[in-house]
Amino acid sequence: MTPPENTTLEQATTTVDKKALIKEVLEVYPDKAKKKREKHLNVYEEGKSDCGVKSNIKSVPGSMTTRGCAYAGSKGVVWGPIKDMIHISHGPVGCGYYSWSGRRNYYIGTTGIDTFGTMQFTSDFQERDIVFGGDKKLAKLITELDELFPLNRGVSIQSECPIGLIGDDIEAVAKKAAKEIGKTVVPVRCEGFRGVSQSLGHHIANDSIRDWVFPQADKKKKELGIEGTPYDVAIIGDYNIGGDAWSSRILLEEIGLRVVAQWSGDGTLHEMMMTPTVKLNLVHCYRSMNYISRHMEEAYGIPWLEYNFFGPTKIAESLREIASKFDETIQQKAEEVIAKYQAQCDAVIKKYLPRLEGKTVALMVGGLRPRHVVPAFYDLGMKLIGTGYEFGHGDDYKRTTHYIENGTLIYDDVSAFEFEQFVKELKPDLIASGIKEKYVFQKMALPFRQMHSWDYSGPYHGYDGFAIFARDMDLALNSPTWSLIGAPWKKES
């Protein structure tokens, strides 16, 4: 359907205005910084194959970036939520402290006995360790931890910056320790100085699973003669923030699939090892887990599929796409499940659409959420005016084109200054971003939702999660508190 002429004209005007806004915001930078940053900012034009921004490039020195480091990508995202392993932050205490249980990766188990997700283990590097090396200290630490926590299933060594700088041989320590304690020990070369963001940490962590976990899985599969079923799947890249993976698992099991593994959220080492036996890998966070999924496709012939369980429109679409990879029994069950939840979704939309329709949102998150969450906003009648990734790659921005509308402002690795200026000019009703941005915008009297860990709420995945998502957006936008202060541009001059 061709939009009315006035709508097209309005969109064209909006695109021109937003491009002018980008130029205006960049004016404060020195010429060199301006030249670099202008490549990361754009306005999406319908029909283009990507968003027209550069990405996965080193941040401009001096800019207030929201990115993390490779250690954060490995320990904080990929490995940290594996609940039955001990994850050692190998280096000074600070990195481990600031990555300690910050992402609300829910899990089932007895902490300190058979699960260790919210515990923090560090080798607490001191000056003498920098001078003389920390290999002996690390070996002793692994032995002591196995004595203190005998029900652990294995250990990962998460390297911090000094380890790579002084050249410690954590691989040798890992091999020797694995023989001594009789368990899996995985060295991860995720020193924070590697790469341009946490994204390389995801890749390094994926590679360590490929090199140190799957070879053991292949051996055990051969020894035990493990056989799966035609309906075995794995959930990969769902970190169970606020229980998200559990909500997703319910739907997959309802349509007749057997979820053999989910990781990292509420995941175990055994589930990782079982993954090469499944028939289909279901990838939630493409950015952090596409590497291992591609490896399994090449090495084991296991296809993978990126799915989206945010909002009823995408849930139904994803369930049908997943079911299409199996037989008619699964396809029929998928339709039954979609029909089962239709009334619930209709009730949620009926309740919240009148309160949220037409409200505008500016998104800025990491991972998959700058695109995956968008349909849930659309289902509630809300409008996206800007989105961007902290550490996205080119393929993320290509995927984003399927989610956004013409004239959407795109910002890659946006600085604190840029984001604040865009918000002041575009005046969105809601900011959906991370903890670093939360208090800045709340002090500006702007409704805000924390989209990394759901602001202590969730789950947001699945049909039940959509009801919670809708409630939380309503609570953020329609709280009576905002009438007491008001955003700067709403105050009388």
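The model is predicted; local features need pLDDT of at least 70, side-chain atom pairs count only at pLDDT 80 or more, and totals for chains, interfaces and linings use all residues. Residues are numbered from 1 along each chain as its sequence is written, and side-chain values use heavy atoms, with hydrogens and water left out.

Spaces were located on a 1 Å grid over the protein atoms alone. A cavity is a set of points where a 1.4 Å probe fits but cannot get out. A pocket is an open set with protein on both sides within 12 Å along at least five of seven lines. Lining residues have an atom within 4 Å of a point. Grid points are joined across faces, edges and corners, and a volume is the space filled by probe spheres set on the points.

Two cavities of 30 Å³ or more are present. Helices (H or I, at least four residues) and strands (E, at least two) are DSSP runs, numbered from the N terminus. The lining of the largest cavity divides into 4 nonpolar, 3 polar and 1 charged residues. Here Ala, Val, Leu, Ile, Met, Phe, Trp, Tyr, Cys and Pro count as nonpolar, Asp, Glu, Lys and Arg as charged, and the others, Gly among them, as polar.

The second largest cavity holds about 40 Å³ of space. Residues lining it include Ala362, Ile385, Leu409, Phe419 and Pro428. Strand E11 (383-387), strand E12 (409-411) and helix H19 (416-426) each supply two or more lining residues. H19 provides the largest share, 4 residues. This lining has 9 nonpolar residues, 1 polar and no charged.

Among the elements that give two or more residues are helix H8 (170-181), strand E5 (184-188) and helix H12 (269-274). H10 gives the most, with 7 residues. The pocket lining comprises 11 nonpolar, 5 polar and 7 charged residues.

The disulfide count is 0, with a disulfide taken as a pair of cysteine sulfur atoms within 2.5 Å. For Cys285, the nearest cysteine sulfur, that of Cys69, is 17 Å away. Cys285 is buried at 7% relative accessible area, as buried means under 20% (exposed over 50%, partly exposed in between; 1.4 Å probe, protein chains only). Cys345 is also buried, at 3%.

The structure holds 20 aromatic pairs. Rings of Phe, Tyr and Trp (its six-membered ring) pair if their centres lie within 6.5 Å; planes under 30 degrees apart count as stacked, over 60 as edge-to-face and the rest as tilted. Phe121 and Phe149 are edge-to-face, at 5.6 Å centre to centre and 80° between the planes. Phe121 lies in strand E3 (residues 121-122), and Phe149 in the loop between helix H6 (135-148) and strand E4 (154-159), 28 residues apart. Both residues are buried. Tyr341 and Tyr463 have ring centres 4.7 Å apart and planes at 10°, so they are stacked. This pair joins helix H15 (residues 328-356) to helix H21 across 122 residues. Phe310, Phe377, Trp454, Tyr460 and Phe469 are linked into a cluster by ring pairs.
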